[in-house]
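I opened this notebook to keep track of what I looked up in one model, strand by strand and helix by helix. The entries follow the order in which I went through the elements.

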Amino acid sequence: MKVLVYDADSRKLGEFVFQREDPSRVLSCLVQSSKGASRFTISPTQTDLFTQQLLSGLSRHLSNRDNVERVELTVDPLLSREFETEIQRYLQRLRQSINNDPQKPKSQKKEQYDMSVTIMDLHTGEVLASPFYTDLFDHADYPEALRMTIRNPSLSRRSIGSTFKPMVALAAVEASPTLLNMNTASPSRYHAPDDWNAQHATALFFGRRTHPWAKKTAPHWGGCDFTTFLYRSDDVYPVALAALAMTGERIDGATVTRLPLSGSQNFFEVGRDSLLKFKDSRKDGSIDLLSHPFTNWLSYLYNTNYEKEYTTDLNLFSQLFAGSELNTDEKNFGLEEISPELTSLRLDRFLDGDDFKQRLVPWALGQGDNMWNPIKVAEAWCRMIGKYDVSGTFIKPRSTTFHSLIQEGPEYPASVLGQRTVAQNNTTWNDFLDRLQAAQSRGSLLAPMHTKMSHLTTPGHTLTLFSKTGTPDAYSRYEFPLLGGNNRYVDVGMYAFGLVDQSSLTDIRANRQGKGIVCVVRITRSYECQKCRPGHQCPNCANYWGIKSEHAHKFFSDGSNRLQKLYDMTRNYY
């Protein structure tokens with residue numbers, strides 16, 4: 001059976017050929033039914049590799065179950081296939097461009113490029129597409145049989161860089177709303193050290209001494225306001241937001257010049273070296289993560305846990321075993337390789353007595369052990385932009401799913417709301433969205449996409465963009481030890497954005513559920529270098545960044561038609 005697909009203007013978008021196969025196959029393309037003798041499946045040539053992996057994993061899982069009447073995947077096979085092709089084309093040109101870069105160290109060998117694009121429905125959390133590509137597939141001697149065993153990089157967690165900055169900023173201002181008004185430039189709230197090259201250089205941060213950061217450059221230490229921090233991707237301002245929120249105090253962001261150190265909810269103290277540090281729960285167990293406003297806002301805003309976990313996140317398939325008595329092995333059967341790694345904020349680390357700069361700075365900048373998979377980032381951005389308690393899923397619900405407003409969730413602790421009402425929390429949230437929206441048209445990081453998006457406006461549709469770039473390895477690259485004493489290093493580029501129709505934005509501001517999409521792009525490049533040593537990169541590699549955030553955002557913001565194609569193929573979701 002052949003299915004032809006056209007848009008509303010009678011333009012042909014594509015075609016699919018469905019074939020009848022062995023009835024023992026549990027899944028057919030996107031809809032499976034245990035009733036009836038016929039089964040249909042989609043040809044591997046008609047959709048992307050990850051959709052095929054989903055079909056394979058779910059088929060093995062469901063064959064281990066009884067009484068499964070109907071399963072429908074959320075992924076759009078046409079959208080998935082189209083953007084798998086676009087990823088392949090982009091990655092091939094990107095690899096060629098970097099290989100031709102005269103600044104690239106000749107010592108970098110055995111490179112591998114991987115890229116994924118995750119597209120999620122803002123309204124429901126349904127994963128519409130999550131295609132990926134690796135240049136391993138381009139090698140003539142790569143066995144075709146191994147393609148199905150390659151794990152989608154969108155399921156793997158890594159640091160996400162500056163795409164985390166808006167997320168931590170929202171949690172901070174909800175915990176202490178006046179931080180929205182903080183301007184660290186006037187009067188100056190922090191100062192860079194006089195001598196960056198001094199072995200024991202320190203910076204003055206809200207009246208407290210600490211080790212400096214921000215790539216040892218002074219501009220970040222000049223201060224800025226909330227909107228400027230977002231479009232410039234300032235590396236000191238978000239640390240200030242997190243630190244002031246972690247004091248547990250009701251701070252006046254417009255006037256605060258000194259970081260408080262009193263109070264049972266305060267994470268900080270001054271160490272013996274006179275530098276700012278975290279309290280040690282082994283000596284001072286007064287801080288309760290479960291009741292602290294800032295840590296609670298983080299957990300409930302983004303549906304994350306406190307501690308480190310190594311298991312996979314089965315929530316995207318939860319409807320397959322909701323209410324069942326399956327044990328862990330039965331739940332995992334067939335789903336391990338198509339489930340994302342569990343995200344954890346590792347908030348428990350903030351009670352280990354560590355140095356302020358070493359512990360808080362990389363975490364607040366989306367680095368260190370603050371690690372996410374792109375699907376979870378997309379879910380978090382859906383919640384951040386849309387305000388509703390949506391969860392990422394690969395399985396369409398069997399009935400209409402009601403999502404509650406995050407501020408009104410039934411398990412929301414009263415300690416997080418404090419003395420403020422839901423309406424007051426919503427005002428703070430709207431003010432945050434206003435600043436994030438205002439940042440989109442400014443600066444070299446965000447403005448190119450804003451300009452590109454302005455061409456998408458059509459009668460009846462005026463889209464609003466919320467976006468953020470990220471270079472997760474801006475301070476230190478990922479380092480993977482190999483046998484023989486060598487290391488493998490990884491560069492990462494991230495870009496997260498949401499597209500919301502203006503009418504939906506009006507609904508969101510009024511605490512009504514809006515519509516739109518969220519998209520997360522991640523590119524990685526790994527390589528080996530014979531001159532680098534574990535823990536110490538050679539000067540050439542240390543000064544060359546092969547993949548950065550610009551490579552991720554240019555996938556949509558360059559002169560291609562990919563953004564137009566994304567809009568055309570997802571128009572029903574706005």
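The entries below cover conventions first, then strands, then helices.

**Conventions**

I am working with a predicted model, in which local features need pLDDT of at least 70 and side-chain atom pairs count only at pLDDT 80 or more, while totals for chains, interfaces and linings use all residues. Residues are numbered from 1 along each chain as its sequence is written, and side-chain values use heavy atoms, with hydrogens and water left out. For the element names I rely on DSSP runs numbered from the N terminus, with helices being H or I of at least four residues and strands being E of at least two.

**Strand β19**

I began with strand β19 (residues 516-529) and asked how many of its residues are buried. I take buried as under 20% relative accessible area, exposed as over 50% and partly exposed as in between, with a 1.4 Å probe and protein chains only. The count is 14 of the 14 residues, so β19 is largely enclosed by the rest of the structure. In a regular strand the side chains alternate between the two faces of the sheet. For β19 I noted that Gly516, Val518, Val520, Arg522, Thr524, Ser526 and Glu528 point one way, whereas Ile517, Cys519, Val521, Ile523, Arg525, Tyr527 and Cys529 point the other way, all of them buried.

I then looked up the neighbours of β19, treating two strands as paired if DSSP finds at least two bridges between them. Strand β18 (residues 487-501) pairs with β19 in the antiparallel sense over 13 bridges, and in this pairing valine 490 stands opposite serine 526. Strand β6 (residues 108-121) is also antiparallel to β19, joined to it by 12 bridges.

I found β6 mostly covered, with 10 of its 14 residues buried.

**An open sheet**

I noted an open sheet of 3 strands in the order β10-β11-β12, with antiparallel pairing. Its edge strands are β10 (190-191) and β12 (208-210), each of which pairs on one side only. Between β10 and strand β11 (residues 203-205) there are 2 bridges, and tyrosine 190 has phenylalanine 205 of β11 as its bridge partner.

**Helix contacts**

For helix pairs I used axes that are lines fitted to C-alpha atoms over the stretch in contact, with angles from 0 to 180 degrees between N-to-C directions. Angles under 35 degrees count as roughly parallel, over 145 as roughly antiparallel, 65 to 115 as roughly perpendicular and the rest as oblique.

The axes of helix α11 (residues 422-439) and helix α13 (residues 502-509) come within 10 Å and cross at roughly 150 degrees. The two helices α11 and α13 are therefore roughly antiparallel to each other. With contact meaning heavy atoms within 4.5 Å, the residues involved are Asn426, Asn430, Leu433, Asp434 and Gln437 of α11 and Leu505, Ile508 and Arg509 of α13.

The axes of helix α5 (residues 237-245) and helix α8 (residues 356-364) come within 9 Å and cross at roughly 110 degrees. That angle makes α5 roughly perpendicular to α8. The contact is made by Pro238, Val239, Ala242 and Ala243 of α5 and Phe356, Leu360, Val361 and Ala364 of α8.

In helix α6 (residues 293-302), 8 of the 10 residues are buried, so α6 is largely enclosed by the rest of the structure. The buried residues include Phe294, Trp297, Leu298 and Tyr302. Just after α6, asparagine 303 takes a positive phi of about 55 degrees.

My last entry is asparagine 332, which lies in helix α7 (residues 328-332). Asparagine 332 is buried, with a relative accessible area of 17%, and it touches Thr312 and Leu314, not counting residues up to four places away in sequence.
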